[in-house]
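Here is a friendly walk through one model, written for someone who likes cut-offs spelled out. Please have the viewer ready.

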Protein chains: 2
Amino acid sequence: MEQDRDSRRNRRRRGGADGDAGTLERSRARGGFQQLPWRNLANPYSPIEVVSADGLEAIHQTSLEILEEIGMDFLHPEALEILKAAGAEVTPGSERVRFDRGLIETAVGKAPSDFKLHARNPKHDLTFGGNNIAFCEVASAPNVSDISGGRRVGNFKDYCDLLRLGQQLNIIHLFGGYPVEPVDLPPATRHLDAVAAFVTLTDKAFHGYSLGRQRIVDAIEIARIGRGISHDRLLREPSIFTVVNTSSPLRLDGPMIEGLIEMAKLNQPAAITPFTLSGAMAPATIAGALAQQNAEALAAIAFVQLVNPGAPVLYGGFTSNVDMKSGAPAFGTPEYSRAALAGGQLARRYGLPYRSSNVNAANVVDAQAAYESQMSIWAAVMGHGNMMMHGAGWMEGGLTASFEKVILDAEMLQGMAEFLQPIEVNADSLAMEAVREVGPGGHYFGAQHTLARYENAFYSPILSDWRNFQSWEEAGALTATERAHQIYKQLLTEYEPPALDAAIADELEAFIAKRKEEGGAKAD
Amino acid sequence: MEQDRDSRRNRRRRGGADGDAGTLERSRARGGFQQLPWRNLANPYSPIEVVSADGLEAIHQTSLEILEEIGMDFLHPEALEILKAAGAEVTPGSERVRFDRGLIETAVGKAPSDFKLHARNPKHDLTFGGNNIAFCEVASAPNVSDISGGRRVGNFKDYCDLLRLGQQLNIIHLFGGYPVEPVDLPPATRHLDAVAAFVTLTDKAFHGYSLGRQRIVDAIEIARIGRGISHDRLLREPSIFTVVNTSSPLRLDGPMIEGLIEMAKLNQPAAITPFTLSGAMAPATIAGALAQQNAEALAAIAFVQLVNPGAPVLYGGFTSNVDMKSGAPAFGTPEYSRAALAGGQLARRYGLPYRSSNVNAANVVDAQAAYESQMSIWAAVMGHGNMMMHGAGWMEGGLTASFEKVILDAEMLQGMAEFLQPIEVNADSLAMEAVREVGPGGHYFGAQHTLARYENAFYSPILSDWRNFQSWEEAGALTATERAHQIYKQLLTEYEPPALDAAIADELEAFIAKRKEEGGAKAD
């Protein structure tokens, strides 16, 4: 692979940039945006466990009971065939499938405990499983917003800017879907332009939507072309991932099933995520919602393993609750945090990588957006989430992608990334020599130990303003959200597209042109 | 004690209110402010441990080495006498004290692992130690701020309003000091009016400042009078607490020492909190700052135990870091969070109750204020902090108390209080019957299981706005901070002083008058 990279480096480049990590060094050199370098993160701390071993077992048993007695609807004949052949009980003339618990446990047991997701730039490859954790940008918002432009319907210009922002920010490890729906692109070919933009504007790993067979097949092909690998190698190297939401309660829709089948066949990973909103699509108790979440996740994961044993999956948890008075979905609530941590316990019970999220229900990038997000970030991280969907930019329970929120989240995620660096304890860091030098009543500003650490002693924020009140006021008294606006604008100004091999660019262009000629995903 | 309470209930009341928890019920009845009821909180989850057993031992050993080899300055002759008599090595003609590690370990071992702090209203008594956790209001800010009045120097009117707010909010368990310094009161008698206000405006536990002997003696007497108990009973029942900051590095000031001595003699608790700002008053490494924090805390705690073996103390952690470029203190940073969690590990190592904080360095109640606070709240809670100082209202690294921040924090703390309620897992909550009733593709809005839980299924926020964007916009598009402004105003309007026994009120008035006549704390 080293050779691949070198040879790529020697070919023609678009935009004159030199790969990924160069961004930071270049910025520093010219006094531009300062941020943490790209890092693959792992959580060295024990996860928070909110459910006892007995409680976890009861949730597990209830979910198996649900699948055995009540069953789940699989809205696609091909799925019914596969499930029937595997020994599941399909009610004749219906889409209802009941599962023996042995069938579920055996099938789920075939899923790998971890897998690598390859990016176009190998430096951005990611491992899911164990205590690794990676952050996605916001995904699937219908609207987009920033302070100067207001809230507007999703469009391709903002879409591309959100991709550029995600490429610029090292703390964003991958793209979890379209950050915003580019509604101005024609539906049948939208996925072609949108997925191609991941390859041309970024070099990080990305997601394809399971909205029917054609769209996911196209997305996989674009990922393959982008990496410049053969079809055989694609089978060995997951290069794109998909999120599949069950249509809770207890239903899996046809287009999602088609996506799951294609992805599984080609050994590409799927994050199975039941949308179990407690009080609406799931029981109005956290335990009940978790049991249903678990039933749906296990059934869909078992299905993937029946299609292709060993295909990579993530166990997804998204359980939250509605406001009982209005029916409005709520996120980043105490119930959400506990459910997210319990979701991690369930995923670990099955030895599966875990997908969680960074969520909130605020309508404006304010203190609520921050504290609800923190409630979900802490739960995702301390629940040993491996993939944090919607890591940066999600607002309004997913209805809006906000440019300022991307920056706010990037700051919170950088803080978390630093939090995950263990405290160094050794003779040097214990600093006995410095304490001797300074002594009682002195100060450490000029101590040798301090001067030696001047540059990198502590986390340096991208958004927090630590000036005193007077200096802050004289500088314009900007809120964090107003500063985030300036920062995202600066990042877009400094953006340069990552290097792309000319042959790959040409192949991609030709593929998109051909598929557009064919009408895109009209058939779906 | 039951009898005491009953007899008090039957006497004349000021303001006509009926005790504490009545506030909520009354509010509900007339459609007023909705909040969680008063609750003593405990953290049922295992603490997050950020330092290995070996690392913890190395920090412990280094702190003993510091005290043995470098020593600490105790700036008061009485302290030097006590320490010398106990076997510590006092350098003649100086205030430098060196401690044998055996002396430290033996003395610290005498401190109780938990204690009860009594409030004027027994329903507001608190236990510190184990996995209990209680939240204080903001303390010791020189400035005060709200949206309509702007930022202003502390004064008695705002002081009283912050006390009223703290009384109104059930999630605020006690007062950790003057929420803001009432600078318009004369310095010599300020403490008399300020501490008396805790008794007249609130019925929760409170704090007295260790600023010389006279002030703390007066504060203790006011607490005794407020509870209507004898001096003997005061000795058995801690009724006021104090925070003592070491003057880092490695120094304890005279006025603080006087306070410590008086409090210890009367068996009243002190939270010993080194102010170890890494890079300024402590080494520029977290491990080094923790070792110094631990040395200072252990020395002062040992001193308290030498004054009165068994006197209650809390181990305080406040280690944060400065911005190395400007020297500005930073709070709620990743370093802060890790240090706060490690502080909990140290406190547990010695079997001592742990004091942590809710901190941030923001200049305005915005997203930064929220996320920095959350970084410290999660660390305090998951570090098994028993007392969270500055729980509600702290801004600008402690330079301002904000009315809106009190509400923002109250919301975040309520969320945390709910997060600490374990997920109920039983046949009823697992909701198999509801899943049967609803089945695949249905919804739970009208299910029997949902209707039975309509009122109290989920946490109901005081600040979060979960309406959709259009409804929120039509309602004025208020940010969380603007809503917090309205909420605090409403709470002050609804405020009624808690019942106060007439005899106690009279005794208190007479005491304040007498002490004012005597000149207050002029001698200090």
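How many aromatic pairs does the rule count over all chains?

## Ground rules

This is a predicted model, in which local features need pLDDT of at least 70 and side-chain atom pairs count only at pLDDT 80 or more, while totals for chains, interfaces and linings use all residues. Residues are numbered from 1 along each chain as its sequence is written, chains are lettered from A and ligands numbered from 1 in the order in which they are written, and side-chain values use heavy atoms, with hydrogens and water left out.

## Aromatic pairs

The count comes to 39 aromatic pairs over all chains. Rings of Phe, Tyr and Trp (its six-membered ring) pair if their centres lie within 6.5 Å; planes under 30 degrees apart count as stacked, over 60 as edge-to-face and the rest as tilted. W378(B) and F419(B) form a tilted pair, with 5.0 Å between centres and 55° between planes. Because W378(B) lies in helix α13 (residues 367–382) of chain B and F419(B) in helix α14 (residues 403–419) of chain B, this pair ties together parts 41 residues apart in sequence. Helices here are DSSP runs of H or I with at least four residues, and strands are E runs of at least two, numbered from the N terminus.

W378(B) is buried at 0% relative accessibility, and F419(B) is buried at 0% as well. Buried means under 20% relative accessible area, exposed over 50%, and partly exposed in between (1.4 Å probe, protein chains only). In chain A, ring pairs link F156(A), Y159(A), F175(A), Y178(A), F198(A), F206(A) and Y209(A) into a cluster.

## Strand β8 of chain B

Strand β8 (residues 143–146) of chain B is covered on both faces: N143(B) and S145(B) are buried on one side, V144(B) and D146(B) on the other. Two strands pair if DSSP finds at least two bridges between them. β8(B) pairs antiparallel with strand β9 (residues 150–153) of chain B over four bridges, and a hairpin of three residues joins the two. Three bridges also join β8(B), in parallel, to strand β21 (residues 400–402) of chain B. N143(B) stands opposite V153(B) in β9(B) and has T400(B) as its bridge partner in β21(B).

## Across the two chains

What sits over the ring of F469(A)? The charged end of R151(B) does, 4.2 Å from the ring centre, and R151(A) lies over the face of F469(B), also at 4.2 Å. A charge sits over a ring if NZ of Lys or CZ of Arg is within 6 Å of the ring centre and within 35 degrees of the ring normal.
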